[in-house]
Amino acid sequence: MTTTALDLKRYPMYIGGRFRENSTGATFDTINPFTEEPWATVAEGTAQDVDDAVNAARAALEGEWGAMTGFQRADLLRVLATLISQNAEKLAEAEVADSGKLYREMIVQVRSLSRWFTYFAGAADKLEGKTIPAPNPDHLVYTSREPVGVVAAITPWNAPLLLLAFKLAPALAAGCTVVVKPSEHASASTLVFAQLVHEAGFPDGVFNVVTSSDPRLGAALSGHPGVDKVVFTGSTSTGRAVAQAAAENLNGVTLELGGKSPQIVFADADLDEAATGIVSGIFAAAGQTCMAGSRLLAHHSILDDLVRRVVSLTAAIKTGDPMDVATQLGPIANRQQYEHVIAMLSQAAAEGATFEIGGGADPARGGLFVQPTIVSGINNSMGIAREEVFGPVLTVMGFDSEREAVRIANDTAYGLAAGVWTADIRRAHRVAARVKAGTVWINTYRSVAPSVPFGGFKASGMGRENGVDSVLDYTETKSVWVNLGSARKDPFVLG
């Protein structure tokens with residue numbers, strides 16, 4: 001049956017506590033990567049909508065939301081957490097339709113989102129200042145924590161709701177208000193989420209969503225003079241532009257950017273466990289995660305054996321409809337990214353790389369499917385070894401010593417994550433200390449939690465998300481001096 005505009009789900013923007021369309025009625029379609037057909041239509045936002053959203057966020061900050069105590073904010077965050085749990089299926093289905101992610105993964109991931117809001121609810125009523133011993137007689141000196149203000153959150157297409165939770169939960173706990181610009185490739189799930197925020201009873205303007213197919217709208221938001229902080233997840237190149245726009249207003253930024261993460265396997269590792277972890281690290285989510293373990297570095301003595309095991313597991317991966325719970329690998333999330341992955345594989349072939357398995361488009365599936373691919377016969381100067389592919393592509397290199405493994409692992413512009421596989425606990429900690437990465441997993445891979453900081457070194461970003469201290473990144477420290485005496489001092493002397 002041919003899909004018509006009447007069949008498409010329609011999602012308006014959410015600004016100032018109201019769902020609204022573009023003033024001209026303009027919309028854009030969001031494409032289901034599995035069918036390559038439109039499944040929903042989303043309001044086409046404008047610069048005026050950005051202004052309206054920022055103004056609504058400012059009004060909430062200076063009004064009802066700003067007057068709430070941390071205990072009241074915590075209560076609302078817990079209500080939202082409950083609603084997320086109750087509506088997990090609806091949120092997961094929107095994520096699958098938007099980005100082609102597996103339903104079997106999304107339903108688990110979305111159910112876990114409530115943890116972010118309950119965890120940070122526990123911090124909302126604990127933002128304390130401190131009393132500082134005063135150097136001056138008869139003076140009281142203390143500090144307080146105040147919300148930084150209006151936060152602009154720009155989220156990617158690969159995990160919109162999870163990466164929104166990384167930002168939104170601590171920002172709301174701190175008392176900030178938020179304007180979100182989701183990716184033009186995956187906006188619908190964020191608007192479904194906005195319905196839950198509305199139902200939870202947050203004051204108008206606390207949470208706003210502006211959508212657009214024009215990526216320049218994200219730049220307009222990140223550089224908006226009414227914004228006080230910018231948080232972004234996406235590519236390193238776009239992150240630099242976001243940081244530059246924010247710097248014009250001297251605003252702080254938190255950037256979670258790209259990665260080229262190594263999985264380092266030593267000769268004493270359990271090879272079956274390592275092979276499973278390697279497959280999880282690169283082929284889960286079709287490799288479309290910033291923390292994908294896209295570089296396998298293995299000791300030469302076990303390299304061939306390990307590659308055989310990984311190839312065997314890879315050959316058994318079931319591709320297909322993301323809504324089918326038996327599917328293990330879905331499509332690339334959009335045509336633009338699909339073409340990038342195919343181009344990277346073509347470049348690798350031209351440079352003389354060997355494909356142990358896969359190597360291009362999936363002829364059996366067609367569409368936006370790429371074969372799970374393992375690339376060998378490379379060196380660390382080749383593009384496939386250095387550039388982020390963001391697809392189901394694993395590169396393989398060998399090493400002879402611990403020192404060499406660390407050197408190769410660190411020979412990259414990125415520093416987001418790493419995996420270390422070894423039975424030697426002393427070596428595990430030595431290597432974890434020497435690898436330049438924000439997260440190191442030892443004999444496991446691809447775990448995150450609201451309580452554990454996440455972020456990268458070098459070109460993988462700046463700042464950290466998650467962890468109790470991340471709430472402080474959404475606050476400013478105010479110092480207060482109080483003269484409790486009556487003695488006058490020399491007006492021309494500091495002190």
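Analyst: A charge sits over a ring if NZ of Lys or CZ of Arg is within 6 Å of the ring centre and within 35 degrees of the ring normal. Lys229 lies over the face of Tyr474, at 5.5 Å from the ring centre. This is a predicted model, where local features need pLDDT of at least 70 and side-chain atom pairs count only at pLDDT 80 or more, while totals for chains, interfaces and linings use all residues. Residues are numbered from 1 along each chain as its sequence is written, and side-chain values use heavy atoms, with hydrogens and water left out.

User: What places Arg427 over the face of Phe266?

Analyst: Arg427 is at 4.5 Å from the ring centre of Phe266. The limit is 6 Å, so the distance qualifies. Arg427 lies over the face of the ring.

User: Why is the pair of Phe34 and Phe369 called edge-to-face?

Analyst: Rings of Phe, Tyr and Trp (its six-membered ring) pair if their centres lie within 6.5 Å; planes under 30 degrees apart count as stacked, over 60 as edge-to-face and the rest as tilted. A search of the whole structure finds 12 aromatic pairs. For Phe34 and Phe369, the centres are 6.1 Å apart and the planes 80° apart, so the pair is edge-to-face. Phe34 is in the loop between β4 (27-32) and β5 (37-43), and Phe369 in the loop between β15 (354-357) and β16 (373-376), 335 residues apart. Helices (H or I, at least four residues) and strands (E, at least two) are DSSP runs, numbered from the N terminus.

User: Are Phe34 and Phe369 buried or exposed, and how do you know?

Analyst: Buried means under 20% relative accessible area, exposed over 50%, partly exposed in between (1.4 Å probe, protein chains only). Phe34 has 32%, so Phe34 is partly exposed. Phe369 has 3%, so Phe369 is buried.

User: What makes the pair of Trp65 and Phe202 tilted?

Analyst: The planes of Trp65 and Phe202 are 45° apart, so the pair is neither stacked nor edge-to-face. The centres are 5.8 Å apart. Trp65 lies in helix α2 (residues 64-67) and Phe202 in the loop between α7 (188-200) and β10 (207-209), so the pair ties together parts 137 residues apart in sequence. Trp65 and Phe202 are buried.

User: Why is the space lined by Gly259 and Ile282, among others, called a cavity?

Analyst: On a 1 Å grid over the protein atoms alone, a cavity is a set of points where a 1.4 Å probe fits but cannot get out, and a pocket is an open set with protein on both sides within 12 Å along at least five of seven lines; lining residues have an atom within 4 Å of a point. Grid points are joined across faces, edges and corners, and a volume is the space filled by probe spheres set on the points. The structure holds five cavities of 30 Å³ or more. The largest cavity has a volume of about 60 Å³. Its lining includes Gly259, Ile282, Glu388 and Phe390.

User: What is known of the largest pocket?

Analyst: The largest pocket has a volume of about 920 Å³. Of its 37 lining residues, Trp157, Phe232, Gly234, Ser235 and Thr238 lie nearest its centre. The largest share of the lining, six residues, comes from α9.

User: Which element gives the largest share of the lining of the second largest pocket?

Analyst: α5 does, with seven residues. The second largest pocket has a volume of about 490 Å³.
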